[in-house]
Amino acid sequence: MRVQDVPVSLLPWHSKWTEWSTPAALVMCIIILFTSGFSVFTTGNWSASTFVSSYLDIALVTTAYLLWKFIKRTKIVSLADIPLMEAFERAAQDQEPEKVVPGWRKWVGFLWD
């Protein structure tokens with residue numbers, strides 16, 4: 001979004017937290033991914049089955065991604081080449097009528113708005 005100077009407010013679902021919550025969620029997922037099997041590395045807790053079950057998904061996902069790229073011969077598209085404005089214009093044409101929101105949901109909505 002920054003590369004193309006598109007404001008975050010154009011996203012259909014956004015809040016003032018969007019800009020910071022997305023990278024924070026990515027960092028937290030990476031931390032959990034690499035530390036979920038940390039107990040295997042502490043003294044006396046080595047277990048090959050625990051190590052494999054904790055870290056096999058990293059190799060599987062990386063292999064699946066690379067196989068897809070090589071077999072389908074797809075390219076990584078640069079952020080500047082993604083047609084964001086075209087997608088936003090198409091989404092604007094497909095507007096749905098707004099639904100009536102109950103009062104309690106408006107009151108709790110400050111968490112997301």
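Biologist: What sort of contact do the side chains of E86 and R90 meet in?

Modeller: Bearing in mind that this is a predicted model, the side chains of E86 and R90 meet in a salt bridge, with 3.1 Å from N to O. Both residues lie in helix α3, which covers residues 84–93, and they are 4 residues apart, about one turn of the helix.

Biologist: How many salt bridges does the structure hold?

Modeller: The structure holds 2 salt bridges, and one of them joins R2 to E19, whose closest N and O atoms are 3.3 Å apart. R2 lies in the segment before α1 whereas E19 is in helix α1, so this pair ties together parts that are 17 residues apart in sequence.

Biologist: Are R2 and E19 exposed or partly exposed?

Modeller: R2 is exposed, with a relative accessible area of 65%, while E19 counts as partly exposed at 37%.

Biologist: Which residues line the second largest pocket?

Modeller: The lining is made up of M1, R2, V6, V8, L11, T18 and E19, which takes in both partners of the R2–E19 salt bridge. By class there are 4 nonpolar, 1 polar and 2 charged residues, and the volume of this pocket is about 150 Å³.

Biologist: Switching to the aromatics, how many pairs are there?

Modeller: There are 4 aromatic pairs in the structure. In one of them, the ring centres of F41 and F51 are 6.0 Å apart and the planes stand at 85°, so the pair is edge-to-face, a class that needs an angle over 60 degrees. That pair links distant parts of the chain, with F41 in the loop between α1 (18–35) and α2 (48–72) and F51 in helix α2, 10 residues apart.

Biologist: What about W46 and F51, how are those rings arranged?

Modeller: W46 and F51 form a tilted pair, with 5.4 Å from centre to centre and 40° between the planes. Ring pairs link F41, W46, F51 and Y55 into a cluster.

Biologist: Where do F41, F51 and W46 fall on accessibility?

Modeller: F41 counts as partly exposed at 48% relative accessibility, and F51 is likewise partly exposed at 31%, whereas W46, at 55%, counts as exposed.

Notes
Residues are numbered from 1 along each chain as its sequence is written. This is a predicted model: local features need pLDDT of at least 70, side-chain atom pairs count only at pLDDT 80 or more; totals for chains, interfaces and linings use all residues. Side-chain values use heavy atoms; hydrogens and water are left out. On a 1 Å grid over the protein atoms alone, a cavity is a set of points where a 1.4 Å probe fits but cannot get out, and a pocket is an open set with protein on both sides within 12 Å along at least five of seven lines; lining residues have an atom within 4 Å of a point. Grid points are joined across faces, edges and corners, and a volume is the space filled by probe spheres set on the points. Ala, Val, Leu, Ile, Met, Phe, Trp, Tyr, Cys and Pro count as nonpolar, Asp, Glu, Lys and Arg as charged, and the others, Gly among them, as polar. Rings of Phe, Tyr and Trp (its six-membered ring) pair if their centres lie within 6.5 Å; planes under 30 degrees apart count as stacked, over 60 as edge-to-face and the rest as tilted. Helices (H or I, at least four residues) and strands (E, at least two) are DSSP runs, numbered from the N terminus. Buried means under 20% relative accessible area, exposed over 50%, partly exposed in between (1.4 Å probe, protein chains only). A salt bridge is a side-chain nitrogen of Lys or Arg within 4 Å of a carboxyl oxygen of Asp or Glu.
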